[in-house]
Amino acid sequence: MRTWPQVLRRRAVWFLAGLGLVMVVSAVVGADATERLSAGGYQYRDAETQRAVDVLASDFRVPADANLILTVHHRITVRSGPAALAGKALVARARAHPAVTLTADPWTAPSSPLFSEDGRTALVLVQISGPERAAAAAARYLADDVTRTEGLDVGAGGQALIQDELIHSSRDALLRAELLALPLAFLALVMAFRSLAAALLPVAVGAVAVTVGLALLRLLTLVVPVGTFALNLTTALGFGLAVDYSLFLLTRYRGERAAGHDRNHALDVTVRTAGRTVVYSALAIGAALLALLVFPVYALSSLAYVALSVVTLAPVSAVIVVVCTISVLGQRGDRLLLSRRRPSRTRRDGWGRLAASATNRPWRWSVPLVVVLCALAAPFAHATFTVSDERMMRGSSPVRVATEQARSRFDLRQVDPVWLLLSSGVEGGRASAYAGAVARTQGVAQATVVAGPGPSRRTAVRVETIDAPGSEAASDTLARLRDLTPPGPVTAVGGTADRANTLIALSERLPLGLALMAASTFVLLFLFTGSVLLPVKALILAGLGLTASMGVLVTVFQDGDAAFLLGDVTAPGYLDPSVVIVIICVCFGLATDYEMFLLSRVREHYLLTRDIRIAAVESTRQTAGTISWSAIILITVLLALAASPLSVLKMVGIGCALSIVVDAFVIRPILVPAALALFGSANWWAPPWMCRLHERISAHDGQASTPVPHTRPDHSVNATDTSAERLPAPVAEHL
């Protein structure tokens, strides 16, 4: 951090030219990144379950993984006559598609439950194989083809079409971000800097981060499958962090120039202080998002690799662009980037007075706010989690309409039963005894032994549950079935099993993910501050803000309150666990980002005054405005997701925006100063051996830019003492 700004200043033109060349190459490489993303990856299925699905399809001719559902309706009947002939022709066209491996229809098996009770609707199950993106495209092609069948009212639904909808909604959300969020973010930057040129610089940094990030995303798809949501994370987080970091750097540079330092000295101090903070912040956000690697669904694990590229690009591009641009522009840059008007102190003094009040009366401020945040978090206690289905779509979506028709006109307990596939070699008597035990299990309506005619000669037990497939009660029944003693290895297959396996896999890995995230954040904050108490306090406050936003999500998306936030999308009645995990990791990292930015200033002022309350007030006065503008920009970008027609993207946008609002406008300016005042000089405490470790491995470059004066002994200061000899002038004005 001491030599980097000097190297950048001497080779500024070369660095900018090289960065421009990288952007051109990245634009070419990442041009088709959106076409290479996978549509699924949100459900967990191990190799044994996939083999069982293949055996059921090949030996039993059972489409246990039917990802396209067709509802065929006629106003009189579809059992016979011209409608039946048209339905058979429709099935023949579907079977002719090369991606279709298996179909099930009522015309070839008249006793099947695929006719509705009134005989006017038939259900056709189609199993499409291949990669999920190709399966989604094939499902869309088939749906467009069969829905044009003359004389029949054909609807198309199923998981493959839901994934196709997710692909298109992700693209639409990206387009909205470009058309709506980016202009609003630029307007916020103009208002923050009061300079058009200064506002353009963070936008340029964001463009660099997003362009190179999309290229890295495209290269990543060559190695591992990457979920569609990675596109939105790359653009939203990449642009937001790049603007965030350049905002921090420019604000610090302006402050150093306003203090009378020359350009080179101001750049050196900016990189040593704000640059160091930016690097630690990127490490903290990257560590939080890398916790996604522990989850066994690639829609989450692939986001960890994307996050690694984003949090690497954002600080590097911010430092290079800001330092090199200022160096190249020289005196002209000062006229463009430095505001000619002195910024109004009213707003900054307001933040300072708020922090001073919080430090003077920490209990009076912290207790009511903590109670309010706990009240907001209370609904999270009764949260219901399930994998996203058609309920995440708007009510007018044809995919949702067709799927809901299938639910209302057919007994899905018969259409989508639980299949218990036994290992080969199980005798018929043992299989029958096991099926009898299954039938006697609580929650089971019927259990039937089915012998496969295929070469493997395996046996399966077809189980109809009392409760609807995929429901929480059906999952409980499946858990009781797994507790039975089978005659050999048994694999559960079906929609209920897929949902239950996903929830179990995510819940089992969640403690490990949270532990890794907390441990890495603690280590980074310790290296950043040299304190043990400050990282613990940061973890507690971040968790409090996150649970408050989670409680609001339960109120909106599960309980259906505040429906105006969802627009024309109805509340799905549940939370998607994968979405909740993404929100936790992203928002936890952003909370650490703001924490480090504030603590860097707290440390500088503490070195100057040796009084934690003075440091808390002055650092809040100097950083709260920047943090608030940064939060507004991030919220603007994230809320572009909230305009999506899919509730899963709305959940991400609203959840992250709520967490940032709480963190930037409640925790940072009020609860953090109050907590600092409560613990006093103990904020910097650490065991002696950890102090020695910190001195060896974490040299502090973030010193104050002015010489550290002789300070009085470290003791508490009366908050009403406004003596100019005892307090720095800006702090004295507030206290």
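Guide: Strands β1 and β4 pair in the antiparallel sense over five bridges. The model is a predicted one.

Visitor: What makes β1 and β4 a pair?

Guide: Two strands pair if there are at least two bridges between them. β1 and β4 have five bridges, so they meet that rule. One of the bridges joins Leu70 to Ala156, which lies in β4.

Visitor: How do you know that β1 and β3 pair?

Guide: The rule of at least two bridges applies here too. Strand β1 (residues 68–73) and strand β3 (residues 121–128) pair over six bridges, in the antiparallel sense. For His73, the bridge partner in β3 is Thr121.

Visitor: In which order do the strands of the sheet lie?

Guide: The order is β2-β3-β1-β4, in an open sheet of four strands with antiparallel pairing. The average twist is 20 degrees from one strand to the next.

Visitor: Why are β2 and β4 called edge strands?

Guide: β2 (100–104) and β4 (153–157) each pair on one side only.

Visitor: What makes β4 mostly covered?

Guide: Four of the five residues of β4 are buried, and buried means under 20% relative accessible area.

Visitor: Which helices lie on the sheet?

Guide: Helix α4 (residues 81–96) lies across β1, β2, β3 and β4, and runs at about 155 degrees to β2. Helix α14 (residues 398–409) packs on the sheet as well, where it touches β1, β3 and β4. The direction of α14 makes about 100 degrees with that of β4.

Visitor: How does the reach of α4 compare with what is expected?

Guide: α4 has 16 residues, and from its first C-alpha to its last it reaches 23 Å. That is close to the 22 Å expected at 1.5 Å a residue.

Visitor: How do you know that the buried residues of α4 line one face of the helix?

Guide: The buried residues of α4 are Ala83, Ala84, Ala86, Gly87, Leu90, Val91 and Ala94. Seen down the helix axis, they fall within an arc of 160 degrees, so they line one face. They pack against β1, β2, β3, α5 (132–146) and β4. On the other side of α4, Pro82, Leu85 and Ala96 are exposed.

Visitor: Why is the contact of Arg9 with Asp268 called a salt bridge?

Guide: The cut-off is 4 Å between a side-chain nitrogen of Lys or Arg and a carboxyl oxygen of Asp or Glu. The closest N and O atoms of Arg9 and Asp268 are 2.5 Å apart, so the pair qualifies. Arg9 lies in helix α1 (residues 4–10) and Asp268 in helix α9 (residues 263–290), so the pair ties together parts that are 259 residues apart in sequence. By this rule the count is 22 salt bridges.

Visitor: Are Arg9 and Asp268 buried or partly exposed?

Guide: Buried means under 20% relative accessible area, exposed over 50%, and partly exposed in between. Arg9 has 22% relative accessibility, so it counts as partly exposed. Asp268 has 14%, so it counts as buried.

Visitor: What makes Asp663 and Arg668 buried?

Guide: Asp663 has a relative accessible area of 5% and Arg668 has 3% relative accessibility; the cut-off is 20%, so both count as buried. Their side chains meet in a salt bridge at 2.6 Å, N to O. Salt bridges that share partners join Lys537, Glu595, Asp663 and Arg668 into one network.

Notes: Residues numbered from 1 in each chain as written. Predicted model: local features only at pLDDT ≥ 70, side-chain atom pairs only at ≥ 80, totals over all residues. Heavy atoms only, no water. Helix = DSSP H or I, 4+ residues; strand = E, 2+ residues; numbered from the N terminus. Axes fitted to C-alpha atoms, helices over the stretch in contact; angles between N-to-C directions. Contact = heavy atoms within 4.5 Å. Expected span 1.5 Å × (residues − 1). Buried < 20%, exposed > 50% of the residue type's maximum accessible area, 1.4 Å probe, protein only. Arc of directions from axis to C-beta.
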